[in-house]
Structure formats: structure tokens, C-alpha cells
Amino acid sequence: IAPGGGNPMHVHKAFAETFTSLKGILGVRVENRKLYLKPGDSVTVPVNTPHCFFNDSHEVVVCHVKFEPGHDGFMQGLAIAYGLPADGKTNAKGIPTNITYLALIMDMTDTRPTGVISIITPLLKWLAARAKKKGVDKALLKRYYYA
């Protein structure tokens, strides 16, 4: 995780997530608690628990993330999310400029926003379902995951 990097608060309904810092200080917010994990420290975020990770240091943080149970869709969505910037299809913060791509990534990774932004969840689910009917997910997987 690059200095200043991280993600917004969200939940997963399909799996618990365990974060382990390997190098640097990994920040993890679980509900209202901010935790700072030193190398070797871990925290498990239960299913349906609001959380995010962050790096507020000036060093790169390396961490391990474990999903229980495993979740193939997360890895597929992550491959797409990391492939899109290489093709210039994200903004400066790495967010897809195509909202349909964002909706598909969130659907694949079982990521649901929390807070005020959660009001767009029904729209994102609808966009993801529509994109799947059109085969957009298959095209993205072919380009970024199976390549």
C-alpha cells in the first residue's frame, strides 16, 4: 500500500477478512476503532463489519489479506481493478472512470460501501447485473484476469 493509500469504509457479506502487516505500519479501521498493525500483527474483520485499511506513513506497507471462506470473485475483481489503470481507465486515485466497471468490481469483490455513499448500492447492483447480461464482465476477465 503506497504512502497515503487505502480504501473507503465498506463491508463484505460473503467472507471475513484477516489483515497481517508484513512490512511497515498497516492502519485498519474496524467500525470506529483505528488499529495500527506492526509487522507480524493481525486483525480479523468479521462478516458484515464496516472496515477499511490505510497507510498514513511515508513508507510502503506490505500486508497479507486472508479471506474466510475463500472468494475467487475477489481475486478476479482485484485483477481488473489493477489492470484498468495500466490502460488509462481510472482517475488519479485509481477509481474506474466507467461506473459500470466500478459496479462490476464491487459486485465481484462483494464490496458494499457504508455511510452516505451506501445509498447508491442499488444502482451499482443494477449496473453490474446489466453489464453481466451484456458480457462486460467476461470481456474484462479475458483482458485482465485470464491474460
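**Before you start**

The model is predicted, so local features are described at pLDDT of at least 70 and side-chain atom pairs only at pLDDT 80 or more, while totals for chains, interfaces and linings use all residues. Residues are numbered from 1 along each chain as its sequence is written, and side-chain values use heavy atoms, with hydrogens and water left out.

**Stop 1**

Switch to a cartoon view and select strands S5, S2 and S7. Strands here are DSSP runs of E with at least two residues, helices are runs of H or I with at least four, and both are numbered from the N terminus. In the order S5-S2-S7, these 3 strands form an open sheet with antiparallel pairing. Strand S5 (42–45) and strand S7 (62–68) are at the edges with a single partner strand each, so one side of each has no neighbour in the sheet.

In general, the strands of a sheet pair through backbone hydrogen bonds, either parallel or antiparallel. Two strands count as paired if DSSP finds at least two bridges between them.

**Stop 1: where S2 meets S5**

Zoom in on strand S2 (residues 16–23), which pairs with S5 in the antiparallel sense over 4 bridges. Which residue of S5 is the bridge partner of Phe19? Select Val43 to see that partner. Another bridge joins Thr18 to Thr44 in S5.

Buried means under 20% relative accessible area, exposed means over 50%, and partly exposed lies in between (1.4 Å probe, protein chains only).

Stay with Phe19, which sits in strand S2. Phe19 has 0% relative accessibility and therefore counts as buried. Draw a distance from Phe19 to Val45: the two are 26 residues apart in sequence and 8.1 Å apart in space, C-alpha to C-alpha.

**Stop 2: the largest pocket**

In general, rolling a probe the size of a water molecule over the atoms shows where empty space is left. A pocket here is an open set of points on a 1 Å grid over the protein atoms alone, with protein on both sides within 12 Å along at least five of seven lines; a cavity is a set where a 1.4 Å probe fits but cannot get out, and lining residues have an atom within 4 Å of a point.

The largest pocket holds about 1,300 Å³ of space. Its lining has 38 residues, and Gly6, Asn7, Pro8, Phe53 and Ala81 lie nearest the centre. Which helix gives the most to this lining? Select H1, which supplies 8 residues. S2, S7, helix H1 (72–86), helix H2 (99–108) and strand S8 (112–113) each provide at least two lining residues.

**Stop 4**

Select Cys52 and Cys63. The structure has 0 disulfides, a disulfide being a pair of cysteine sulfur atoms within 2.5 Å. Cys52 is in no disulfide, and the nearest cysteine sulfur, that of Cys63, is 13 Å away. Is Cys52 buried or exposed? Cys52 counts as buried at 8% relative accessibility, whereas Cys63 is partly exposed, with a relative accessible area of 25%.

**Stop 3: along the loops**

Move to the loop between strand S3 (26–30) and strand S4 (33–37), where you will find Asn32. At 72% relative accessibility, Asn32 counts as exposed.

Next, select Asn48 in the loop between S5 and S6. Phi of Asn48 is near 65°, a positive value in a residue other than glycine. Asn48 is partly exposed, with a relative accessible area of 41%.

Then go to the loop between S7 and H1, which contains Pro69. The peptide bond from Glu68 to Pro69 is cis, with omega near -5°.

Finish at Asp110, in the loop between H2 and S8. Phi of Asp110 is also positive, near 55°, and Asp110 counts as buried at 9% relative accessibility.

Terms used: Grid points are joined across faces, edges and corners, and a volume is the space filled by probe spheres set on the points.
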